[in-house]
Amino acid sequence: VYGRREYRRAYPNNQLAAHLIGYVDRDQRPVAGMEFHADFYLRGQNGWRLGERDGRNRELAQFRTREVPRADGYSVSLSIDSAVQDIVEQELALIAQRFQPRKATIIVSDPRTGFILGMGNYPSFNLNEFEKVAKEDKVAEEVAKKDKVAEEEKEPARTKNVAVADIYEPGSVFKIVAAAAALEEGLVNPGTKFNCALDKVEYQHRILKLPGEDHRFDQDELTVAEILSRSSNRGAARLGLELGAERLHRYASAFGFGHPLGFPVGGEVGGILRRPEHWNPIDITRIPMGHTVAATALQMHQAMSVIASGGVLFRPQITRQIRDAAGETVFGAYISTHLYT
């Protein structure tokens, strides 16, 4: 009879913040999330010593020349609030039950700092059963390939952080970009009126067809404030025309679209925002309403945070503090703005 001591990583909260925490495999190799991103700090360092052995492979202590003790790993503190994260995941469960979406995401942050307080996705998985989930995802992928299923119809991988790894066409929430840009440039004020009944306008010696409206209005003219509050597609298009392609693109980029924001976990992608020279003539009227662009949920969330923060785009952050085994702080997060403000 003999025993063997074995260490393994356990996750007491099961699937809570699974896509952010990540996991290590059975060989203690980091695979995803903060487990992978912060592995250098979490893992610690093995000890070693330099010496000699005799013919029976016994160490000769008198010839030991150098010994380096092992070092414990550091503690990494995240900005995630477990209460907020639990609410996020309960809401996602209700959304999944009621609407049965293929995928969904909820993000909560402090717009004054950029710290993420909660980020959840559906579908999710139990960190203690990652092997089971990985096998299910692999089988689903093989079935999709065999049946030649379209990319958009494939079952989303449960381990993917769709908040930062998947893109979508944002639609009307993108209207804040054109409105904020036109206001910032002094081209309009909240009370400036536009005739939103027109279906065609002239732009750079060309007649452009304006998009249709998804809502009905009881008057033809809408102020800039009403264009936003009542979500007028034509009003947003008119704001885009006032800005012109170059300024519209510059402000969209400044809001964080078209490039990664620097979120450390989840395989963040940059989305799609083409340069103006690659636009079709009609794009100047469609981009202001969130069409012909693509963004991650986190990019759209951070763009909305610009409005909440008073005009500053903060980098999304998740690491608050890193402490060594003695409890001393070796890293403390600071508020970091994006390249554009």
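Which side chain meets Arg26 in a salt bridge? I started my notebook with that one, keeping in mind that this is a predicted model.

**Entry 1: salt bridges**

I looked up Arg26 and found its partner: the side chain of Glu131, at 3.4 Å from N to O. Arg26 sits in the loop between helix H1 (18–21) and helix H2 (33–37), while Glu131 belongs to helix H5, so this pair ties together parts that are 105 residues apart in sequence. I checked the accessibility of both ends: Arg26 is partly exposed at 43%, and Glu131 is partly exposed at 36%.

Next I turned to Asp25, which forms a salt bridge with Arg29, with 2.9 Å between the closest N and O atoms. Asp25 counts as buried because its relative accessibility is 15%, under the 20% cut-off. Arg29 is partly exposed at 49%. I also noted that Asp25, Asp27 and Arg29 are linked in a network of salt bridges.

Then I looked at Lys160 and Asp166, whose side chains meet at 3.1 Å, N to O. Here Lys160 is partly exposed at 35%, whereas Asp166 is buried at 12%. My search of the whole structure gave 16 salt bridges.

Most residues other than glycine have a negative phi, and most peptide bonds are trans, so I went looking for exceptions. Gln100 has a positive phi of about 50° and lies in the loop between helix H4 (82–99) and strand S6 (104–109). Gln100 is exposed, with 66% relative accessibility. Ser231 also has a positive phi, about 55°, in the loop between helix H8 (224–229) and helix H9 (233–243). Ser231, however, is buried at 15%.

I found a cis peptide bond from Tyr122 to Pro123, with omega near 5°. Pro123 is in the loop between strand S7 (116–122) and helix H5 (130–146).

**Entry 2: a helix pair**

How are helices H7 and H10 packed? I read an angle of about 110° and axes 10 Å apart for H7 (residues 175–184) and H10 (residues 245–254). The two are therefore roughly perpendicular to each other, and H7 passes H10 in a right-handed crossing.

**Entry 3: a nonpolar patch**

Last, I looked over the surface and found a nonpolar patch of Phe40, Tyr41, Tyr74, Val330 and Phe331, with about 470 Å² of accessible area together. Helix H3 (39–43) and strand S13 (329–332) each supply at least two of the patch residues. I placed Tyr74 in the loop between strand S4 (66–68) and strand S5 (75–78), and Tyr74 is partly exposed at 32% relative accessibility.

Conventions
Residues are numbered from 1 along each chain as its sequence is written. This is a predicted model: local features need pLDDT of at least 70, side-chain atom pairs count only at pLDDT 80 or more; totals for chains, interfaces and linings use all residues. Side-chain values use heavy atoms; hydrogens and water are left out. Patches are made of residues with over 30% relative accessible area and no salt bridge: like charges are joined within 9 Å, nonpolar side chains (Val, Leu, Ile, Met, Phe, Trp, Tyr) within 5 Å. Accessible areas come from the Shrake-Rupley method with a 1.4 Å probe; for residues, only the protein chains shown count as cover. A salt bridge is a side-chain nitrogen of Lys or Arg within 4 Å of a carboxyl oxygen of Asp or Glu. Helices (H or I, at least four residues) and strands (E, at least two) are DSSP runs, numbered from the N terminus. Buried means under 20% relative accessible area, exposed over 50%, partly exposed in between (1.4 Å probe, protein chains only). Axes are lines fitted to C-alpha atoms, for helices over the stretch in contact, and angles run from 0 to 180 degrees between N-to-C directions. Angles under 35 degrees count as roughly parallel, over 145 as roughly antiparallel, 65 to 115 as roughly perpendicular and the rest as oblique. A crossing is left-handed if the near helix is turned anticlockwise from the far one by less than a right angle, and right-handed if clockwise.
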